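Subject: Two-chain model, handover and findings

Hello,

Please find the structure below. My notes on it follow.

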Amino acid sequence: MRRLLLLALAPLLMGQAKPVLVPDVSQRDIEIAYSFTGAELLLFGAILYPGGRTPGQGEKPADIVVVVKGPTQSVQVREKEKVAGIWVNAQRMRYRSAPSFYAIASSRPIDQIVDERTRAIYELGVDSLQLSPASGAAPEVQARFDKGLEDLRARTGLYYQAPGAVEITDGVLYRARLAIPARVPIGKFTAETFLIRDGRVLAAAVRGIEIRKSGFERFVAHSAEHYSVIYGIVAVALSILFGWGAGAVWKRF
Amino acid sequence: MDLYLPIANLSVNALVIVALGFGVGLLSGMFGVGGGFLTTPLLIFYGIPPTVAAASAASQVTGASVSGVLAHFRRGGVDLHMGAVLVVGGVIGSIAGAGLFTLLRKSGQIDVVIGVLYVLMLGSIGGLMLHESIQAIRVTRGARPPRPRKRRHHPLVAMLPLRWRFYSSGLYISPLAPLLLGFFTGILTVLLGVGGGFILVPAMLYLLGMGTQVVVGTSLFQILFVTAAATMVHATTTKAVDIVLAALLLLGSVVGAQMGARFALAVKPEYLRFILAVIVLLVAVRMLLGLAWQPDEIYSVELL
């Protein structure tokens, strides 16, 4: 009877042995309006240790890693080569699921927190992204294209790492600021938080963030996509009106 | 003043774009060209995606040509008959251009083709114009006697069958010649976002042999319709016309065009042509360097 009770309680007890993450983000919705020049996300939360205790003095402090990912895209990367004196696109590589945005913040440099294998499993770090190439190519060619894609996105601020950007207060509260650039794509984003100690992921939690165009910007993008003929006519009418109007106004001076 | 462009998906400084439009408009008013050949490369240089730049520059040229067409029309400077033939050719050309655009984009060579076309076109036109304007300046300075020149069309044009009379232009030629000319400028308009005025005007003068009094007005007439058609083609196929970007460009360029037109009256036309030739050649050299130098980005990404 006692053994049975212990067995029934086992999952609960085991669950208690692991800390739990309670994450949140400052904005669940980011609206892109006419004045959008990027946004700053504050990702914060608490680490709940079993029994409500806080890590003691002697214990090794745990690390927090926060990853913000944009919706995945299927992309084609082209590589330029010099042919007959000019630079033209030569080789190409397709990827089935490259994140459109990837930012990682951590309390210490990521390579000091976890090993290569764990990084690959949880996609921790720009160089550990699972890009799933669609075209079969030699590993060294693929590595070159991976690097090219990562470099290109890093330069426009779409992929970046912020080691040391996570602040942990008293071992239980954490916060990190991540910048969302103006060139960000729209869609459903995820903010993942990982609690890591001794190279092992102890807890993980996910929050969704939705980035969308709002008001006039959404109206324009929607019209261009769905009512393209009317959109084109409006664009032409607008340019004729501008040209004619300027001429008419100018004549009065 | 930052403003988010809903189609280009990035935010730009609105004042920079208006100023860019103003500068191009000033030149277009002064020289009677649309200025698309400057807008597209400058927008690309500023970081706007090439497709969006070409698509939105076309609508700026439409705006710039409207007041010009009206002014020429009032004083009978538009050969509607010839213009209609050119426009028909231009619209067919812009549809063909759209097909070519999609094809080139699929093969990944659109940027190179745009670059090479710019270099070839601007290089040759700029060179010819520079030569011609230097001759003209020497003539006005009395250094050289003017060369008598008979107005006549090119022998190749005369070989084409089916002749029509174009009264305002003073021509009796086959409509196939202006149709083909319109067709080629239509392709260029869709590919490069240019009006094609700097090709049309010399071609009308030296290939077709049209009367000078109707050349500029008729070319503006064709540009107006063909850039409007190109905007429509882009809106329905590439969906890359950014109406906010176009409005900003228009705002600057229509004001600039009016000021440029006044300024042009104060300067001798051969000097204007000389300055324009230098600007055109500078753009061509810049584009050539862009093709030959190792680019900052070896890799480029496109969404599938």
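The expected span of a helix is 1.5 Å times one less than its number of residues. Keep that in mind for the helices below. Note also that this is a predicted model.

Start with α6(A). This helix has 24 residues. From first C-alpha to last it reaches 35 Å, close to the 34 Å expected. Its buried residues are A:Tyr231, A:Gly232, A:Ala235, A:Val236, A:Ser239, A:Phe242, A:Gly243 and A:Ala246. What covers them? The cover includes α5 of chain A, and from chain B it includes α3, α9 (212-236) and α10 (243-266).

That leads to the interface. The contact takes 46 residues from chain A and 47 residues from chain B. On the chain A side, five elements each supply at least two residues: β5 (72-83), β6 (86-99), α4 (139-155), α5 (215-226) and α6 (228-251). Which of them gives the largest share? It is α6(A), with 15 residues. By type, the chain A side divides into 25 nonpolar, 13 polar and eight charged residues.

β5(A) and β5(B), the latter residues 299-303 of chain B, are antiparallel and share five bridges. A:Val77 has B:Val301 as its bridge partner there.

Now the sheet in chain A. Six strands form an open sheet with mixed pairing. The order is β2-β12-β11-β4-β7-β8.

On to the helices of chain B. α1(B) covers residues 14-31 and has 18 residues. Its reach from first C-alpha to last is 26 Å, close to the 26 Å expected. α1(B) is mostly covered, with 13 of its 18 residues buried.

Next, a helix pair in chain B. α2 (residues 36-46) and α3 (residues 50-74) of chain B pack at an angle of about 150 degrees. Their axes are 9 Å apart. The crossing of α2(B) and α3(B) is right-handed. α2(B) makes the contact through B:Gly36, B:Thr39, B:Thr40, B:Leu43 and B:Ile44. α3(B) brings B:Pro50, B:Ala53, B:Ala54, B:Ala57, B:Ala58, B:Gln60 and B:Val61. These contact residues divide into eight nonpolar and four polar, with no charged residue.

Is B:Ile199 buried or partly exposed? A residue needs 20 or more other C-beta atoms within 10 Å to count as buried. B:Ile199 has 19, so it is partly exposed. Leaving out residues up to four places away in sequence, B:Ile199 touches B:Met121, B:Ile125 and B:Thr185. B:Thr189 is ten residues from B:Ile199 in sequence, and the two are 11 Å apart in space, C-alpha to C-alpha.

Best wishes

Definitions and conventions. Residues are numbered from 1 along each chain as its sequence is written. Chains are lettered from A and ligands numbered from 1 in the order in which they are written. This is a predicted model: local features need pLDDT of at least 70, side-chain atom pairs count only at pLDDT 80 or more; totals for chains, interfaces and linings use all residues. Axes are lines fitted to C-alpha atoms, for helices over the stretch in contact, and angles run from 0 to 180 degrees between N-to-C directions. Helices (H or I, at least four residues) and strands (E, at least two) are DSSP runs, numbered from the N terminus. A crossing is left-handed if the near helix is turned anticlockwise from the far one by less than a right angle, and right-handed if clockwise. Two residues are in contact if their C-beta atoms, placed from the backbone, lie within 7 Å. Ala, Val, Leu, Ile, Met, Phe, Trp, Tyr, Cys and Pro count as nonpolar, Asp, Glu, Lys and Arg as charged, and the others, Gly among them, as polar. A residue is buried if 20 or more other C-beta atoms lie within 10 Å of its own, exposed if 12 or fewer, and partly exposed in between; C-beta atoms are placed from the backbone. Two strands pair if DSSP finds at least two bridges between them.
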